[in-house]
Amino acid sequence: MKRVFLLAVLGLVLLFSCTDRDDNIDMVNIRIQNSTPFFFNEVRVTQRDTVYENIAPDEFSSYLEYDTAYQTTALTILTDSTSYNYFPEEVPSDTLPVGFYTYQITIDEEENIALTFRIDE
């Protein structure tokens, strides 16, 4: 009888402790994906002066929370040897709804920066 009670309590604890990452979110969450061969010492979202640090090539940063954010934004990227600036071609107008998003950064051979916006599942 003790064993059945213990298993029932353990089952209830497991059932109520499992949550999805989006169960209790109330802000926009954005991370950076470094899709370049360069190590990013710092990626600064200039609109909010938010800084993501130490993003290795082909890696993701942690999510940071924003009250309001847009599909595109101005960025300053610092690598070991260079500083890059990205300015969106269009001025964003619609804010993002609460959720999880990724700004994917690429740099081509002519050192042109591209920012691709993704909605995370």
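Tutor: The model is predicted, so local features are given only where pLDDT is at least 70 and side-chain atom pairs only at pLDDT 80 or more, while totals for chains, interfaces and linings use all residues. Residues are numbered from 1 along each chain as its sequence is written, and side-chain values use heavy atoms, with hydrogens and water left out.

The chain contains 1 helix and 9 strands; both are DSSP runs numbered from the N terminus, helices being H or I with at least four residues and strands being E with at least two. The order along the sequence is α-β-β-β-β-β-β-β-β-β. Of the 121 residues, 34% are buried, where buried means under 20% relative accessible area, exposed means over 50%, and partly exposed is in between (1.4 Å probe, protein chains only).

Now the sheet. It is open, has 4 strands in the order 3-2-6-7, and its pairing is antiparallel. Two strands count as paired if DSSP finds at least two bridges between them. In general, strands of a sheet pair through backbone hydrogen bonds, either parallel or antiparallel. Here strand 3 (50-55) and strand 7 are the edge strands; each has a single partner strand, so one side of each has no neighbour in the sheet. On average, neighbouring strands of this sheet are turned by 15° against each other, direction ignored. Such angles are taken between axes, which are lines fitted to C-alpha atoms (for helices over the stretch in contact), and they run from 0 to 180 degrees between N-to-C directions.

Strand 6 (residues 75-79) is joined to strand 7 by 4 bridges, and the two run antiparallel. I77 has Y84 in strand 7 as its bridge partner. F87 belongs to the loop between strand 7 (83-86) and strand 8 (99-107). F87 and A74 are 13 residues apart in sequence, yet their C-alpha atoms are 4.6 Å apart in space. F87 is exposed, because its relative accessible area is 59%.

Y84 also takes part in an aromatic pair. Rings of Phe, Tyr and Trp (its six-membered ring) pair if their centres lie within 6.5 Å; planes under 30 degrees apart are called stacked, over 60 edge-to-face, and the rest tilted. That rule gives 4 aromatic pairs. One of them joins F38 and Y84, which are tilted, with 6.3 Å from centre to centre and 40° between the planes. This pair links distant parts of the chain, since F38 is in the loop between strand 1 and strand 2 (40-45), Y84 is in strand 7, and they are 46 residues apart. F38 is partly exposed because its relative accessible area is 30%, whereas Y84 is buried because its value is 6%.

T50 counts as buried because its relative accessibility is 17%. Beyond its neighbours within four places in sequence, T50 is in contact with V43, R44, V45, L64 and Y66, contact meaning heavy atoms within 4.5 Å.

The side chains of R44 and E42 form one, at 3.2 Å from N to O. Those of R44 and D49 form another, at 2.5 Å from N to O. Through these shared partners, E42, R44 and D49 are joined into one network. E42 is buried because its relative accessible area is 18%, and R44 is partly exposed because its value is 25%.

R31 and D120 also form a salt bridge, with the closest N and O atoms 3.4 Å apart. The two are 89 residues apart: R31 is in strand 1 (residues 28-34), and D120 is in the segment after strand 9 (113-119). Both R31 and D120 are buried.

Definitions and conventions:
A salt bridge is a side-chain nitrogen of Lys or Arg within 4 Å of a carboxyl oxygen of Asp or Glu.
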